[in-house]
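Me: I have a structure open and want to go through a few parts of it. Can you help me read it?

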Amino acid sequence: MEIPYTVKNRPDTGLYNAKLGIWLFLASEVMLFGGLFSAYILLRVGAPAGEWPHGWLDVRLGTVNTLLLALSAITTLLAWASCKVREFGKFKFFHACTILLALTFLGIKSYEYHDKWIHYEIQLNNGKIADGHFESAVYVNQASKQEVEEHSYRGNSFSQVAGGTTNNYQLASVTIHGHVVEKHEELMDLRSEEAKKAVHKELTIAATDIKKMENYGPRHNTFTAIYFTLTGLHALHIFGGTLVIFYLWGPGSKMWKTDPERFTNRIEVSGLFWHFVDLVWIFLFPVLYLT
Amino acid sequence: MEATVQQFPPYRETAAPHGHDDHGHHEPNFWSKYIFSTDHKVIGIQYGFMALCFMLFGFFLMLMMRWQIAHPGVPVPVFGPLLEKILGQPAAHGAISPELYNSFGAMHGTIMIFLGVVPLAFAAFGNYVVPLMIGAPDMAFPRINMASFHAFFLGGVVMLVSFFIPGGAAQAGWTSYSPLATTIPTNGQVFWLVGMVLLITSSLLGAVNFIATIIQLRAPGMTWMRLPWFVWAQFVTAFILLLAFPPLEAAGVLQLMDNVAHTSFFLPTGLAVGGQLADRSGGGSPLLWQHLFWFLGHPEVYVLILPAMGIVVEVIANNTRKPIWGYKSLVYSVLFVGFMSFLVWAHHMFLTGMGQKIATFFQATTMIISIPSVIILTCMLLSLWGGSIRINTPMLFALGFLPMFGIGGLTGLPLGLAVCDVYLHDTYYIIAHFHYVVAPGTIFALFAGIYFWFPKMTGRKMNEFWGRVHFWCSFAFMNIVFMPMFVQGIKGMLRRMSDGGINYSAARVPNAIDALPGSVMQLNGVILWAAVCLGIAQIPFIINLFWSISHGEKVGTNPWRATTLDWQTPTPPPHGNFAHEPHVARGPYEYSVPGAAEDFTPQDAPADKTSTAPNAH
């Protein structure tokens, strides 16, 4: 006996096996992202007044990414429809678009990550805070006493770098493009009028003035933590989906010649996953960028 | 019985020729037959074998802990030097240090639940039996099935490896509460989390496969109300796994971020570790972990018990030679249990300071979920009434399950009431309660299943005499192990103490509630030796299991004279299971139908054969 309903629908359920399988899988995905969104809500509701950041992410980039994914949903649908009407050339074109759109999305996402990665909050010994994007740093070689200027930041923690425990290079000064504020609270709402008025310029800070220096990575606060986790997991889904679609577009499309119906089913099932991943972004965008 | 065999021509004669996958069927070598197999029966046996090994290992960890509880700080006899050799400092002089006790405790729970009982009850029995019972050639997605086993295997390896890293395995209990789980100085927790993500992946793949198989691959005529109840139980279990596990995966990802990327999802502001302010942003919520954990954790209890109940129903129906009592009630009850299991999780958290209204809600749902559980148990009990009961090893274990699960279930009620729970929380009472559900409950049912389906897997029966020895010794010692724990718990002995409470026992505060009396402490010795005897009682089972594969009494395809489709195939079933697609003509438990030629009518026997029977459908 062979496994039935791998391609044809079972009459009483109206589904072939893989279609039911992917819907079940998506149900579990809903619970996975549901758990993470609940975590977001609990962390945000539990944050003390003024401690939840606003306007930390670039709405313009977020909007572009939203449009890219919305467009890719349309091309995915058209790719499947092309298979249905047996137009292989159109399928190739539409899914090529899907892959390009997905890669552009990931590119923009990496740019945003990088932007957060080089964004530093520097607590100064005088109690003020310098905040801005890292430009360069000057190190002193402890053996030769020579100064070296570098455009990357060595080491993981400030105390390591300032103490010279990393490769015998001691931090002398840091140059950032940003501004200095009196209080931590001024950095929390970047949509406020005061924050918009702030003048950003190049600032060079001596290492001796620095108390603590930390970038806007996941550990910065609970917002960056949940931002990186949610979008990171979503980006992994985009990556996985792109891999599958690329396989079906490239080497996997050989099946078109032998079993077009089954191939069309594969396009449908992978498309369902892709639509789900798009949908998650539709929730992520307002939750992270717009509020 | 032999007649049943002959009605099936040898496999492959009738199978449709399919050129493209033929090479997969011919002369499979060892690797493709046993390691990279996509056959649901092989995968089921793989799961079963691995799970039994893990359970034995979990039992060993428990023995070490029981020694430490009964004789704190005294070197472990026999195994002490071995532990010291393997684990080094934490087992210095062959004694169990508190850190080692903690990691053994955490890993005992994790291994028994996620690597022992779930893989055996759900994955092993489900994989082997469900496709046979519904008349399917295999699972709906055989390769995903294989991937599921491999993810499980990897998860198990990661868990085992964590014992050997510096600092040792996870120490924060199987519940891994934050901030403890993030602040203990060992990477064991990271291994635990990675292992869990793999195990959850395995369960999700399995759950999707089971549900799709049961919905799509039922044989013609196998309507929903003709499904054996075991299949219903597995179906609901699969849904619980599908929907309850992902929130734990989410929690696991967040805790992994806490441990690896130094975020503060579960770490509150101002957290101090070892008297020093932790270098963390804070702002997280330790309660968030508990909510996400127990959102899985409680449905998980039903994952452990429902497949076991399914096995017991099959064994009881078969050995009472009459239809199971209240089939429809059983079906609706199991569906209701599955639904309600998502609404009771916070009864594990009564002591976290939640509001009274919330506590009342979860107390009410907890009482409600006990109703369908009682209905299921009642149906099993009433099925015995008026039956011509055959006492054999599977039936003994199934009968043993009934009072044991009864004790486990009923002692859970006081824990579900917030008022009593305040007192009983975190004592040995709760250890006794859930072990009665899972150890003499679920594990007895699993033994029943092993003895029951062994002839289907091998064509031979396990030895009956040694089976009975195994049952009676296990039954006695299980109760001597767990019954005293109720007493200890009610007297106030706390769980998770590496010295077995001896410090509390010594601390006599004037005018305060009395410390633990000596008699309660002495029970630790009784439990230890009962546990050792329980271990010895498993030796006949282990020998019987392996010996019977080649030396057991040879039997036909249907030695228990059972009605369900799993017994209507050749033994052991070939790849593809059925030579012809079975056509199901009646319900699953048509035993002793008046007027029928035999006292059982297989589900796929043609309808005309029993047309003289008054209720042949």
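This is a predicted model: local features need pLDDT of at least 70, side-chain atom pairs count only at pLDDT 80 or more; totals for chains, interfaces and linings use all residues.

Me: What should the 31 residues of helix H4 of chain B span?

Reply: At 1.5 Å a residue, helix H4 (residues 40-70) of chain B should span 45 Å. Its end C-alpha atoms are 44 Å apart, which agrees.

Me: New topic. Where does B:Leu227 lie?

Reply: B:Leu227 is in the loop between helix H9 (188-216) and helix H10 (229-260) of chain B.

Me: Is B:Leu227 buried or exposed?

Reply: Buried. B:Leu227 has 25 other C-beta atoms within 10 Å, and the cut-off for buried is 20 or more.

Me: Which residues is B:Leu227 in contact with, leaving aside neighbours within four places in sequence?

Reply: B:Ile134, B:Met222, B:Trp232 and B:Pro588. Also look at B:Val130, 97 residues apart from B:Leu227 along the chain. The C-alpha atoms of that pair are separated by 9.9 Å.

Me: Now helices H17 and H18 of chain B. At what angle do their axes cross?

Reply: Roughly 170°, and the axes come within 7 Å. Angles over 145 degrees count as roughly antiparallel, so H17(B) and H18(B) are roughly antiparallel to each other. The crossing is left-handed.

Me: Which residues meet there?

Reply: From H17(B), they include B:Tyr428, B:His435 and B:Tyr451. From H18(B), B:Gly467, B:Met478 and B:Phe482 are among them.

Me: How do the residues of that contact divide into nonpolar, polar and charged?

Reply: The contact of H17(B) with H18(B) has 14 nonpolar, 4 polar and no charged residues.

Methods. Residues are numbered from 1 along each chain as its sequence is written. Chains are lettered from A and ligands numbered from 1 in the order in which they are written. Helices (H or I, at least four residues) and strands (E, at least two) are DSSP runs, numbered from the N terminus. The expected span of a helix is 1.5 Å times one less than its number of residues. A residue is buried if 20 or more other C-beta atoms lie within 10 Å of its own, exposed if 12 or fewer, and partly exposed in between; C-beta atoms are placed from the backbone. Two residues are in contact if their C-beta atoms, placed from the backbone, lie within 7 Å. Axes are lines fitted to C-alpha atoms, for helices over the stretch in contact, and angles run from 0 to 180 degrees between N-to-C directions. Angles under 35 degrees count as roughly parallel, over 145 as roughly antiparallel, 65 to 115 as roughly perpendicular and the rest as oblique. A crossing is left-handed if the near helix is turned anticlockwise from the far one by less than a right angle, and right-handed if clockwise. Ala, Val, Leu, Ile, Met, Phe, Trp, Tyr, Cys and Pro count as nonpolar, Asp, Glu, Lys and Arg as charged, and the others, Gly among them, as polar.
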